[in-house]
Amino acid sequence: MKKLINILKYVLFLGAGLGIFFYVYPIEEIEKIWERLKEANYIYVLPVLVIAVAAHYSRALRWKMLIDPLGYTTKPMSTFRAVMIGYYFNTLVPRMGEVSRCAALNRIDKVPVSVSLGTVITERIFDLVALAVIVAMTILLEFDLVGEMILDLITKKAEGAGGLLSWTTVAVLAGAVVVIYLGLKLLKKIGFYERIMNLINEFKNGVISIRKLKHPLAFIGHTVFIWVAYYVMCYLSFLTYPETAELGLSAGLVVFTLSTIGFIAPVPGGVGTYQYMFTMALSLYFIDDLTSGSVAMIAFLVNTVFNLIIGAIALNLSPKKEKDAPIPSE
């Protein structure tokens with residue numbers, strides 16, 4: 001039943017993403033987009049690929065900094081391979097990347113999934129803080145253009161979250177607490193309690209691994225480098241056409257911010273939502289639909305194809321044993 005629900009969710013999100021994709025790129029316009037893509041200056045794709053490798057390797061080193069203090073030895077290339085495997089699966093199925101890279105690292109360097117998953121949660125918290133800083137910078141630098149739009153979006157999200165605090169929600173949460181309590185008592189009786197608690201403790205230690213960092217400034221430095229690299233990768237796509245090459249760094253920040261919001265939508269690889277937000281941002285600077293759609297397509301394809309190719313290579317390099325369980329999905 002769970003697999004069926006996951007399949008239905010995947011089909012729903014994929015359908016939504018493809019619907020938005022074909023809204024941005026109507027079938028009757030595909031030939032025009034293809035001709036426009038032929039006119040792009042692809043020399044700027046090469047530095048994007050180099051920067052992508054550096055950013056993903058930096059992410060792997062940052063992850064290693066959280067894992068090593070917990071008593072597990074990992075190699076930089078091991079965490080890098082696991083990160084790329086995560087990107088590979090996340091491109092195919094939304095939200096599968098985090099679990100997949102933890103399972104991959106378990107197979108490569110025998111780090112328990114419960115531990116590495118906790119460190120990934122910590123990573124994600126820092127990435128959310130970094131994204132919040134980027135959003136704030138965008139609002140401050142381009143408030144007249146996008147400030148009110150972004151603040152309105154945040155307000156609606158906050159109102160939606162506030163609506164969750166209803167009596168029904170409280171009752172459901174209270175019921176869940178009772179069920180968990182009774183479940184733990186049952187597990188204790190049948191001998192699984194200690195095992196479950198050990199897994200919970202391992203996960204908790206992973207989450208609070210930030211306390212044991214040996215080089216916190218290096219961790220922050222990696223976080224800054226990763227997000228600056230992502231921004232530069234986005235901006236370099238502007239240089240593929242004369243119309244967008246004339247846009248400034250602040251315009252690049254606006255496009256990067258909005259397209260990143262589109263990318264983290266729960267659709268496979270951000271397909272559709274990424275292009276929609278990218279083209280919408282460029283339209284604010286009066287870039288025509290054909291050019292903005294082409295730039296968005298280049299930026300999306302370079303990142304997606306890179307992740308799929310390197311991720312597939314990393315997956316095939318991972319040690320495979322008959323007793324190894326397959327990389328789990330959600």
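Here is a quick briefing on the salt bridges and the nonpolar core of this structure. You're looking at a predicted model, where local features need pLDDT of at least 70 and side-chain atom pairs count only at pLDDT 80 or more, while totals for chains, interfaces and linings use all residues. Residues are numbered from 1 along each chain as its sequence is written, and side-chain values use heavy atoms, leaving out hydrogens and water.

**Salt bridges at a glance**

- The structure has 11 salt bridges; the term covers a side-chain nitrogen of Lys or Arg within 4 Å of a carboxyl oxygen of Asp or Glu.

**Arg36 and Glu243**

- The side chains of Arg36 and Glu243 form a salt bridge, at 2.8 Å from N to O.
- Arg36 sits in helix H2 (residues 30–38) and Glu243 in helix H11 (residues 242–245), so this pair ties together parts that are 207 residues apart in sequence.
- Helices here are DSSP runs (H or I, at least four residues), numbered from the N terminus.
- Arg36 is buried, at 11% relative accessible area, whereas Glu243 is partly exposed, at 33%.
- For those labels, buried means under 20% relative accessible area, exposed means over 50%, and partly exposed is in between (1.4 Å probe, protein chains only).

**Between helices H3 and H6**

- Arg59 and Asp127 meet through their side chains in a salt bridge of 3.0 Å, N to O.
- With Arg59 in helix H3 (residues 45–67) and Asp127 in helix H6 (residues 113–141), the pair ties together parts that are 68 residues apart in sequence.
- Both partners are tucked away: Arg59 is buried at 4% relative accessibility, and Asp127 is buried at 6%.
- Arg62 and Glu123 also pair up in a salt bridge, at 3.1 Å from N to O.
- Arg62 belongs to helix H3 and Glu123 to helix H6, so here the parts tied together are 61 residues apart in sequence.
- Arg62 is buried with a relative accessible area of 0%, and Glu123 is buried at 0% as well.

**The nonpolar core**

- In soluble globular proteins, nonpolar side chains tend to be buried together.
- The largest nonpolar core here has 66 residues; such a core is a set of buried Ala, Val, Leu, Ile, Met, Phe, Trp, Tyr and Cys residues joined through side-chain atoms within 4.5 Å.
- The residues with the most contacts inside this core are Trp63, Trp227, Tyr230, Phe238, Phe278 and Leu282.
- Leaving aside neighbours within four places in sequence, Leu282 is in contact (heavy atoms within 4.5 Å) with Phe238, Thr244, Leu247, Val255, Ile287, Ser292 and Val295.

Methods. Helices (H or I, at least four residues) and strands (E, at least two) are DSSP runs, numbered from the N terminus.
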